[in-house]
Amino acid sequence: MLKERRDAAEAVAEALFVAEKAIDAAIASTAALTTLMPTSREAARLSVMIGQDALLSAIETMRALGLARQNIVDTHKNLSQAQHDIGLSAVSFGGGGKKPPPSLIGSLRAVPSPREAA
């Protein structure tokens, strides 16, 4: 029974790490796009009004990705609890480095979108 629990936990951990990396990659890609839009507009000597809606959409995407990242962090915390609940506390499933203290986990909060703030 322990082997089955460990195998299941390893499969879930692997899928979790893939999801975490995918969200971080999406954040990085979207940040690059969001940075490129205003600098490209300026380099092309276009009016600041050009692409404003696209820029706001990209910023809103960043906000949504930030929330997705918080949710995957919460999933990670909850799976850590499940790992403890099934008797696998002493087993390490990842090489992602030392986890921060609980007081720092979950300190990210969603902020209003530019459209909501206006």
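Me: What makes I23, A26, I27 and T30 contacts of L65?
Reply: Contact means heavy atoms within 4.5 Å. With neighbours within four places in sequence left aside, L65 is in contact with I23, A26, I27 and T30 in this predicted model. Local features need pLDDT of at least 70, side-chain atom pairs count only at pLDDT 80 or more, and totals for chains, interfaces and linings use all residues. Residues are numbered from 1 along each chain as its sequence is written, and side-chain values use heavy atoms, with hydrogens and water left out.

Me: Which residues make up the largest nonpolar core?
Reply: A nonpolar core is a set of buried Ala, Val, Leu, Ile, Met, Phe, Trp, Tyr and Cys residues joined through side-chain atoms within 4.5 Å. The largest one has 5 residues: L16, I23, I27, L65 and I72. Helix 1 (2–43) and helix 2 are the elements that give two or more residues to this core. Helix 1 gives the most, with 3 residues.

Me: Why is P38 called partly exposed?
Reply: Buried means under 20% relative accessible area, exposed over 50%, and partly exposed in between (1.4 Å probe, protein chains only). P38 has 30% relative accessibility, so P38 counts as partly exposed. P38 is found in helix 1.

Note on methods. Helix = DSSP H or I, 4+ residues; strand = E, 2+ residues; numbered from the N terminus.
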